[in-house]
Amino acid sequence: MTVGQRIQEHRKKNGLSQEELGQKLCLSRQTVSLWEKDQTLPSVDNLLLLRDIFGISVDELLGEEKIEEPEEEALEVHTFTYEKETLAERRNRMEKENQK
């Protein structure tokens, strides 16, 4: 499906005529028609406006497919427990361990 075909499809899904879409974009009906016939392409600014009007991403409008990243499986899970101890408590614990 071409960019023009996607613009036309979304315009129709939103119940808009070429004239109405042109008005929302401050453009002529002829400009919308040229897009839909793939004779010209919308500017970046107009792509952003079309995105907002149609409620879709620019990628979807341009036909870019989203590449799914494979989900990585965790190989190992580590759980750590931390206990707060004062310097004096640590010294005492270390002394006791050294006496053993």
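Of the contacts in the protein chain with a separation of 6 or more, 52% are between residues 24 or more positions apart; contact here means heavy atoms within 4.5 Å. This is a predicted model, in which local features need pLDDT of at least 70 and side-chain atom pairs count only at pLDDT 80 or more, while totals for chains, interfaces and linings use all residues. Residues are numbered from 1 along each chain as its sequence is written, and side-chain values use heavy atoms, with hydrogens and water left out.

Now the overall layout. The protein chain has six helices and zero strands, in the order α-α-α-α-α-α. Helices (H or I, at least four residues) and strands (E, at least two) are DSSP runs, numbered from the N terminus.

The accessible surface of the chain is about 8400 Å², and carbon and sulfur atoms hold 48% of that. Those areas come from the Shrake-Rupley method with a 1.4 Å probe, and for residues only the protein chains shown count as cover. Of the 100 residues in the chain, 22% are buried. Buried means under 20% relative accessible area, exposed means over 50%, and partly exposed is in between, with a 1.4 Å probe and protein chains only.

Next, helix α2, residues 18-25. Which residues of α2 are buried? They are Gln18, Leu21, Gly22 and Leu25. Seen down the axis of α2, these buried residues fall within an arc of 100 degrees, so they line one face of the helix. The arc is taken from the directions from the helix axis to the C-beta atoms. On the face turned away from the buried side sit Gln23 and Lys24, both exposed. The cover over the buried residues of α2 includes α1 (3-13), α3 (29-36) and α4 (44-54). Just after α2 comes Cys26, with a positive phi of about 60 degrees.

On to the core. In soluble globular proteins, nonpolar side chains tend to be buried together. A nonpolar core is a set of buried Ala, Val, Leu, Ile, Met, Phe, Trp, Tyr and Cys residues joined through side-chain atoms within 4.5 Å. The largest one here has 12 residues, among them Leu21, Leu25, Trp35, Phe54, Ile56 and Leu61. Helices α1, α2, α3 and α4 each supply at least two residues of this core, and the largest share, three residues, comes from α4.

His10 is in helix α1. Its relative accessibility is 6%, so it counts as buried. Leaving aside neighbours within four places in sequence, His10 is in contact with Phe54, Ile56, Glu60 and Leu61. Ile56, not counting residues up to four places away, touches His10, Arg51 and Leu61.

Last, the salt bridges. How many does the structure hold? There are three, where a salt bridge is a side-chain nitrogen of Lys or Arg within 4 Å of a carboxyl oxygen of Asp or Glu.

Arg11 pairs with Glu36, with the closest N and O atoms 2.5 Å apart. Arg11 lies in helix α1 and Glu36 in helix α3, so the pair ties together parts that are 25 residues apart in sequence. Both Arg11 and Glu36 are buried.

Arg51 and Asp52 form a salt bridge at 3.0 Å, N to O. Arg51 is partly exposed at 31%, whereas Asp52 is exposed at 52%.

Arg93 pairs with Glu97, the closest N and O atoms being 3.2 Å apart. These two are four residues apart in helix α6 (residues 87-99), so about one helical turn separates them. Arg93 is partly exposed at 34%, and Glu97 is partly exposed at 43%.
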